[in-house]
Amino acid sequence: MNAQVAPPPDAARVPARVWRGAGWRLAGRIWSSACTLVVLYLAAQALDLASFGRLAFYLAVFAVLDAVVDSGTGQALVQRTADRPEALLGALARARRIRLVAGLAGVALVGGGAWLLDEPEAGWITLAALYPTTHALELSTIALRNELRWGPQVAIRAFAAGTGLVLTLVVLGMGTPTAGKLLVALAAGSTTGNLLAHAVGRRSLPRGPARDADPWRPFLRLALPLGAAAICQQAYFWSDNAVLRAVHGEASVGPYTIAVRIMGWSLSVAVYASAVALPWLTRAEARDQLLAATLRLAVPLTAAAAFAVGLVAPWSAQLVGLFGEEFASGGPALEVLLLAVVAVHAGAPLLTAVTASGRSRTVLALSALALLLNLGLNAMWVPSAGALGAARATLATETWVALASAACLVRAARPRPSAGLLLPWLAVPACWIAGRALALLLQAS
């Protein structure tokens, strides 16, 4: 008599560890965002609008530089080691070397560019640009990431954010704050976080020499397209700052940056839940349950974001106006950017699922096309509409990323999904309407 075999666990069900990890990262993000909020508020009071715009512009440049230094190594490490812990040390060594080389190239690019363009405070900018080289040490937390253990990593990043705030207060307390000095203070906080990440993460790494030397070519084939995609993603998120600065001057960047920062803080749940879920989605792909797993993650995230956006959007002008009357002009842009928040809550898990499927070249193609779309729309709309045109370009870009990622997943799914797959997404507009209705009731009361 044949023994009955128990059915395998439902790999499409979102593990509690994913939500717990996202919760940890969200808690850390709230703290880090609070620190950044205080830093930006104090900087807005201490600097003139042009200097604040320069600070905002280089913070955007450093966000892109972080993606350059990563070069896809973080996601590639998860992909290569989530189910193969014996390959961890070999892959880690490869990833560290890539980050170090990319970091040094970033210093030359950003620092050298600042000197060549005769930027104010080029020396301080170059000094601040050194910090991404320490991202090579941050990779020591890879074993914690694979185990979905985010508590220690979040505590480290929270400490780093607090350190950046304290150093900012020191610079302000010296009485002669400048955009360059504040950049260095924030960079020093990030450097502290990377050093602590190495000190804590290395305890979870396997002992001894690498048992399975990870070959260069497979690792690079996986990492570099993901890295190029991440650079494109950061570039299309921040490129509007460069276009605004070039067309309308440094002073125009400040109000729009506050709107973008509020948008960025609103993306925390989507970005962190997707990042935490990557190992789980990778394992779901191995069981042919990737699409089902992705929908269970993406639909509730997007519906919750739609409700929150519908509720908050009517107060957009008041939110950016908290930084000063001159920042209230960013209100209309923020209202559009909040719609982009809904698109990102759908697009982040969908694009992460494409990554989990191993199609890194597809991720690169989607991100490169998104960058081209964003640059084209910014060039078309920013000269006439300013910050509002930049916000509309961001909304169009993030919507395209979500739709294109969904199309790639559906096309690759086996068996081909039915049209009923779209029904759960009706919760998204319903939640937005509910949030908007509640906002109207609150305004009327």
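**View 1. Surroundings of Glu119 in the predicted model.** Leaving aside neighbours within four places in sequence, Glu119 is in contact with Tyr58, Ala114, Ile125 and Arg245, where contact means heavy atoms within 4.5 Å. Glu119 is found in the loop between helix 4 and helix 5, with helices (H or I, at least four residues) and strands (E, at least two) taken as DSSP runs numbered from the N terminus. The relative accessible area of Glu119 is 13%, so the residue is buried; buried means under 20% relative accessible area, exposed over 50%, and partly exposed in between, with a 1.4 Å probe and protein chains only. The model is predicted, so local features need pLDDT of at least 70 and side-chain atom pairs count only at pLDDT 80 or more, whereas totals for chains, interfaces and linings use all residues. Residues are numbered from 1 along each chain as its sequence is written, and side-chain values use heavy atoms, with hydrogens and water left out.

View 2. Although Glu121 is not a glycine, its phi is positive, at about 60°. Glu121 is found in the loop between helix 4 (88-116) and helix 5 (122-128), and its relative accessibility of 21% makes it partly exposed. Ser71, which is not a glycine either, has a positive phi of about 50°. The place of Ser71 is the loop between helix 2 and helix 3 (73-81), and there, at 12% relative accessibility, Ser71 counts as buried.

**View 3. The largest nonpolar core and the residues around Phe52.** The largest nonpolar core has 62 residues, and those with the most contacts inside it are Phe52, Leu55, Phe62, Leu183, Tyr256, Ile258 and Met263; such a core is a set of buried Ala, Val, Leu, Ile, Met, Phe, Trp, Tyr and Cys residues joined through side-chain atoms within 4.5 Å. Helix 2 (residues 49-70) gives the most to this core, with 11 residues. When neighbours within four places in sequence are left aside, Phe52 is in contact with Leu40, Ala43, Ala44, Leu47, Gly254, Ile258 and Phe327.

**View 4. Met263 within helix 11.** Met263 lies in helix 11 (residues 253-266) and is buried, its relative accessible area being 0%. Not counting residues up to four places away in sequence, Met263 touches Phe237, Leu334, Leu337, Ala340, Val341, Val344 and Thr394. Met263 and Leu372 are 109 residues apart in sequence, and their C-alpha atoms are 21 Å apart in space.

**View 5. Glu398, a buried residue of helix 17.** Glu398 has its place in helix 17 (residues 387-412) and, with a relative accessible area of 8%, is buried. Its contacts, with neighbours within four places in sequence left aside, are Tyr236, Phe237, Ala340, Ala343 and Val344.

View 6. Trp216 is found in helix 10 (residues 216-248) and is partly exposed, with a relative accessible area of 34%. Not counting residues up to four places away in sequence, Trp216 touches Arg94, Arg97 and Ile98. The C-alpha atoms of Trp216 and Gly90 are separated by 9.7 Å, although the two residues are 126 residues apart along the chain. Leu440 belongs to helix 18 (residues 427-444) and, at 51% relative accessibility, counts as exposed. Between Leu440 and Ala230, 210 residues apart along the chain, the separation of the C-alpha atoms is 38 Å.

**View 7. The whole chain as the setting of the close-ups.** The protein chain contains 18 helices and zero strands. Its radius of gyration is 22 Å, close to the 22 Å that the globule rule gives for 445 residues, so the protein chain is as compact as a globular protein of that length; the radius is taken over C-alpha atoms, and the rule is 2.2 Å times the number of residues to the power 0.38. The C-alpha trace spans about 85 × 60 × 35 Å along its principal axes, and buried residues make up 51% of the 445 residues. Of the contacts with a separation of 6 or more, 84% are accounted for by residues 24 or more positions apart.
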